[in-house]
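Have the viewer open as you read.

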Amino acid sequence: MYTTLIEAGDLLQHLDNPDWVIVDCRFDLSEPDQGHRDYVVAHIPGAVFADIDADLSARKNGGGRHPLPDPDALIELFSRLGIDANCQVVAHDAMAGGFAARLWWLLRYMGHEAVAVLDGGWPAWLELDGPTRQGEEQRTPREFRGEPDASMRISIDEVGKVNALVDSRDPARYRGDFEPLDPAAGHIPGALNRFWKMNLTEGDRFKNPHELQREFDDLLTARGPAAEAVFYCGSGVTACHNILAAVHAGLPQPRLYPGSWSEWCADSARPVATGTGPEISS
């Protein structure tokens, strides 16, 4: 069972296994339909497509730009994708796991642990010279059963009680130098910053577990154990990449604030911080 990452060569060996489900999560924030268009042009044989907006998020009625789907919607989605308790799921995108990690988190949230992100994503598959296919594919539906684990997430009203809160956006957005997507620039007061791309090597592969563990320990040493940490980002998507990296490093799974900055800053009564943020000291 793969529960964090999988290499392209290992996935290649299981392409004909009906209990393996490949989910293409390619997406572009600036061009939301681009991911699906790219999937139709070429994808890993047997892969089905899941859209960040339409499938992996609820309608935008509060809760940030990408609210979590309710449990019934997730059960319906995973059943439609052909996932049941016997399935190994592999999610990938073209952005080093920045979007695929959302599906990884959602499946674990609903109790399905046999899910991994393809390390290196679509580029790694092409580098392997793996086979591709055109068009749209669907799997035979299966009955997904699961229940949400509320301990994996926190609400906006619980944020103030968190000692180790980590912002996963790039440092410029964290500092409030600019804000391209949300109504206010800055970060939640008291939050540390770890850009999710810090989990990657120059070749857009995940760093080794020992290096990741050291980096997370250095980040959180003054704030408490990783299990008590909470990660957020712009809308609760790329924060899942940091959570995936922490679990891959062998640490207890941190929690997610799903509404993230887009929910927080939509309420003008909530405080906003700018600049480099708090110093980390022992």
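Contact here means heavy atoms within 4.5 Å. Please keep in mind that this is a predicted model.

## Around Asp-55

Leaving aside residues up to four places away in sequence, Asp-55 touches Phe-49, Ala-50, Pro-69, Leu-77 and Arg-80. Asp-55 has a relative accessible area of 18%, and buried means under 20%, so Asp-55 counts as buried.

The side chain of Asp-55 also has polar partners. One is the side chain of Arg-80, in a polar contact at 3.1 Å; another is the backbone nitrogen of Asp-51, reached at 2.8 Å.

## Helix 4

How many of the residues of helix 4 (residues 100-109) are buried? The count is 10 of the 10, so the helix is largely enclosed by the rest of the structure. Among them are Trp-104, Trp-105 and Tyr-109, along with Arg-102 and Arg-108.

These buried residues pack against strand 2 (20-24), helix 3, strand 4 (88-92), strand 5 (115-118), helix 8 (239-248) and strand 9 (255-256). After helix 4 comes Gly-111, with a positive phi near 95°.

## Aromatic rings and charges

Searching the whole structure gives eight aromatic pairs. One of them joins Phe-195 and Trp-196: the ring centres are 6.1 Å apart and the planes stand at 75°, so the pair is edge-to-face. Trp-196 is buried, at 5% relative accessibility.

Two arginines sit over rings as well. Arg-26 lies over the face of Trp-122, 4.2 Å from the ring centre, while Arg-194 lies over the face of Phe-216, at 4.5 Å from the ring centre.

Terms used:
Residues numbered from 1 in each chain as written. Predicted model: local features only at pLDDT ≥ 70, side-chain atom pairs only at ≥ 80, totals over all residues. Heavy atoms only, no water. Buried < 20%, exposed > 50% of the residue type's maximum accessible area, 1.4 Å probe, protein only. Polar contact = N/O pair within 3.5 Å; in protein donor to acceptor, adjacent residues only side chain to side chain. Helix = DSSP H or I, 4+ residues; strand = E, 2+ residues; numbered from the N terminus. Phe/Tyr/Trp six-rings, centres within 6.5 Å; stacked < 30°, edge-to-face > 60°. Lys NZ or Arg CZ within 6 Å of the ring centre and 35° of its normal.
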